[in-house]
Amino acid sequence: MNYAQPKELCQLKEILATWEGPCRFVAGCTDFLAQRNGKPWREENLISLTELQALRQLRAQEGALYIGALCTHGQIAAEDLIRSRLPALAAACEGVGSQQIRNRGTIGGSVANASPAGDMYPVLLLLDAQAMVLDAAGEERFLGIEQLILDKGGTALQNKQVLLGFRIPLPGPYGKSAFGKLGERRVVTIAKLSLAVSAHVQEGIMSGARVVLGAAAPKAFLVEEGAQALNGQPYARRFSCGLGEILSQIIQQRISGRASMPYKKEAVKGLAQDVLEKL
Ligand SMILES: Cc1cc2nc3c(=O)[nH]c(=O)nc-3n(C[C@H](O)[C@H](O)[C@H](O)COP(=O)(O)OP(=O)(O)OC[C@H]3O[C@@H](n4cnc5c(N)ncnc54)[C@H](O)[C@@H]3O)c2cc1C
């Protein structure tokens with residue numbers, strides 16, 4: 001097995017250009033080691049990204065926020081700019097696992113792992129993020145977050161493609177967003193259902209709303225009917241827009257055959273109340 005821990009992006013690019021065979025990347029290893037769970041190593045080429053300091057950076061530039069793939073959930077949740085301008089992302093990161101998991105688990109690892117119950121993808125979809133992908137030829141390009149995650153689960157990343165980070169447009173002064181999830185416990189819980197909502201609120205009226213349901217299907221999805229119910233409505237009356245009922249119907253349609261459907265279609269109504277309260 002080959003193993004490398006590059007310190008600079010140019011070293012990573014050189015490895016990708018010269019190593020043969022499939023490459024596996026690791027970051028915080030919170031998913032990687034849990035999945036290995038006593039099984040023997042099968043990786044031909046293992047590349048740890050942890051020494052790439054460039055991927056630990058968070059910066060605002062030209063109306064967007066750039067988050068390096070190696071930023072941990074703890075780091076993101078503590079960032080003032082994110083807490084004030086992108087509260088849904090701060091809340092999602094704050095709710096990931098325990099403090100230990102938040103200290104090690106990275107946003108890049110969460111997206112690359114593409115768990116249907118993961119908390120990062122729904123929020124990145126809500127915020128219309130793009131992922132920056134590096135390929136074996138050393139090319140860097142942005143890919144819409146929705147294209148990165150496949151409908152059946154998993155990612156569109158090919159061999160030797162690695163996530164470098166994410167670009168999120170910063171909402172204007174009237175932007176609001178919120179995230180909530182339901183699981184078996186109140187803390188250190190994996191989502192059985194998650195909901196993210198954003199809207200612009202100007203002169204008391206909501207517009208440009210986005211609504212994302214997570215952990216209800218193999219891939220979190222935008223609920224256009226939910227957004228329509230909020231748009232044009234007074235913010236003060238957001239609880240009476242029928243969002244919970246709409247989401248309940250959507251769950252009934254999308255996962256009609258699943259044993260969890262009766263629970264989720266009722267639970268989403270309370271979750272909608274909570275998330276609208278946070279908004
Ligand atoms: C006890 C526990 C509780 C948890 N609770 C939650 C929770 O509440 N919410 C939640 O969303 N998640 C939770 N998780 C899941 C996990 O912590 C996150 O998914 C974490 O962010 C993964 O990041 P990592 O850096 O540890 O990834 P790793 O384990 O290092 O990697 C995960 C996968 O992504 C690939 N990968 C990693 N980085 C990259 C990259 N930059 N480019 C391409 N591929 C890459 C790896 O090859 C691997 O397949 C929990 C996990 C545990 C063990």
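A salt bridge is taken here as a side-chain nitrogen of Lys or Arg within 4 Å of a carboxyl oxygen of Asp or Glu. The structure is a predicted model, in which local features need pLDDT of at least 70 and side-chain atom pairs count only at pLDDT 80 or more, while totals for chains, interfaces and linings use all residues. Residues are numbered from 1 along each chain as its sequence is written, and side-chain values use heavy atoms, with hydrogens and water left out.

**Domains and their interface**

An automatic or database domain assignment supplies the domain bounds, dividing the protein chain into domain 1 (2-169) and domain 2 (175-278). Between the C-alpha centres of domain 1 and domain 2 the distance is 25 Å. Domain 1 contributes 24 residues to the contact and domain 2 contributes 22 residues, where contact means heavy atoms within 4.5 Å.

The size of an interface is often expressed as the accessible area lost when the parts come together. Domain 1 and domain 2 bury about 1,700 Å² between them, with 61% of it on carbon and sulfur atoms; this is the accessible area (1.4 Å probe) that the two parts lose on being put together, summed over both.

Three salt bridges are counted between domain 1 and domain 2. On the side of domain 1 that touches domain 2, the elements giving two or more residues are α5 (87-94) and α8 (120-126), and α8 gives the most, with five residues. Helices (H or I, at least four residues) and strands (E, at least two) are DSSP runs, numbered from the N terminus.

The structure as a whole holds eight salt bridges. Asp119 lies in the loop between α7 (107-113) and α8, and Lys181 in strand β9 (residues 175-182), so this pair ties together parts that are 62 residues apart in sequence. In the salt bridge of Asp119 with Lys181, the closest N and O atoms are 2.8 Å apart.

**Charges over rings**

A charge sits over a ring if NZ of Lys or CZ of Arg is within 6 Å of the ring centre and within 35 degrees of the ring normal. Two such cases are listed below.

| Charged residue | Ring residue | Distance to ring centre |
|---|---|---|
| Arg59 | Tyr66 | 4.5 Å |
| Arg167 | Phe142 | 3.9 Å |

**Surroundings of Lys265**

Lys265 belongs to helix α12 (residues 261-278). Leaving aside residues up to four places away in sequence, Lys265 touches Ser248, Ile251 and Gln252.
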